[in-house]
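Let's take a friendly walk through this structure together. Have a look at it first, and then we will go from the surface to the core and on to the charged pairs.

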Amino acid sequence: LQVFSVESKKAATFTVAFTPPDVGTFSHELQLRVKLNPFEQYRVVVTGECIQEDITFAGLPNDTLGVLHLPDVYLAPAPVTPASGTRNLRMSQTGTAQPAGAAAAAAASTSSYMFSLVNNSSSRHYRFKWPEHPQLKFAPSVGHLHAGTSKDINVVFSAAAPVKLDGQDIKMAVSQISFKGEPSDWDDVLAASMIAAGARASSATRAATGLPGAGPKAGAEPYVDLVAKTQRDVQLKVHATADSPHYECSAPMPAIVFRPTMMFQTRSFTFSITNTALTALKYCWMVLDKQGSLDESGRWCTSAPCKVALQQAHTGGRCHDCSALATHCLERQHARWWQTVTQAQDRVVPSKSATPRPHQQ
């Protein structure tokens, strides 16, 4: 029971949400009664029908129904200029640019994701086929999906130049099929492995008998009949971005020069970093001395100290769990490694200030 009031000459708006628990038709009656007026009563019947598509996607990011967000692809960077970067960079006092953070993975030019194609029907079989695309490759790209089964699909996004797919519609063609006999699973990935196995068997047969191998062609698609008027497209919206990381920095070059500062006081300088690339910019601040080593004096600190840099000072730049370079672990893939970072943080950056702190000379 919900009680509400409406002011004179005003209107009230209500939203009815339909969340069916199962496939079928549902109806419900809403009653509206006016207090102290038994003649003002209204009845509203709401009806909704829940249907389920035979072919659906499962395992997409954030459990979306038909939207796929692929990881960014970082292309090879262009030459670096002091005023603007083309990669996730750390700038030493000598003015040279060196890669830092997770940008070590920038050499990769592909990203991938695996999801499932599900046949929710208990009696109908389908044939599916993904279209050709210059940046996207689906595997398997064509195959059969039997009733009540699912099949894993791996999509690879690759690019040689900056590109952005902003919700691009990828239409997968599906058709209902019928088998003559017992259905057998098939797709082009299985076919490739069957062809390789058949080639090895034929070689063994020729070696043993001196005669060419006999039998049906390995990997061939089983003969099926297409059911008339069942051809349709299933859409998948794909978001993907490829670019070389670059940015713009408003800090003066070649150095930030602080005015003389009284002892135990703090002087700060604020500047901005603007990501001018299509992809996300992963960056890491590192305070280095004139020799290029990590500065542990505590005289300087930034608003966002880099935990990767802190870990490098205590483990030689190597991760405890995977022995990879610490800069490769920016995504916090190893919990024990990051626990060590937390324990070491106070000693490497003793100051809790959020601004640079010059040391009185």
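Which residues form a nonpolar patch on the surface? They are F4, V6, F14, L32 and Y42, with about 470 Å² of accessible area together. Such patches are made of residues with over 30% relative accessible area and no salt bridge, where nonpolar side chains (Val, Leu, Ile, Met, Phe, Trp, Tyr) are joined within 5 Å and like charges within 9 Å. The areas come from the Shrake-Rupley method with a 1.4 Å probe, and for residues only the protein chains shown count as cover.

Before going further, note that this is a predicted model, in which local features need pLDDT of at least 70, side-chain atom pairs count only at pLDDT 80 or more, and totals for chains, interfaces and linings use all residues. Residues are numbered from 1 along each chain as its sequence is written, and side-chain values use heavy atoms, leaving out hydrogens and water.

Y42 sits in strand β2, residues 37-50; strands (E, at least two residues) and helices (H or I, at least four) are DSSP runs numbered from the N terminus. With 44% relative accessibility, Y42 is partly exposed, a class between buried (under 20%) and exposed (over 50%), using a 1.4 Å probe and protein chains only.

Now for the inside. The largest nonpolar core has 29 residues, of which F115, W130 and F157 touch the most other members. A core of this kind is a set of buried Ala, Val, Leu, Ile, Met, Phe, Trp, Tyr and Cys residues joined through side-chain atoms within 4.5 Å. Elements giving two or more residues to this core include β9 (110-119), β13 (150-158), β14 and β16.

Charged pairs come next. The whole structure holds seven salt bridges, each a side-chain nitrogen of Lys or Arg within 4 Å of a carboxyl oxygen of Asp or Glu. One joins R43 and E29, with their closest N and O atoms 3.5 Å apart. Because R43 lies in strand β2 and E29 in strand β1 (residues 24-34), this pair ties together parts 14 residues apart in sequence.

Another salt bridge, at 3.8 Å, pairs R232 with E53.

Finally, K151 and D185 meet at 3.1 Å, N to O, and D187 joins them in a network of salt bridges. K151 is buried at 10%, whereas D185 is partly exposed at 43%.
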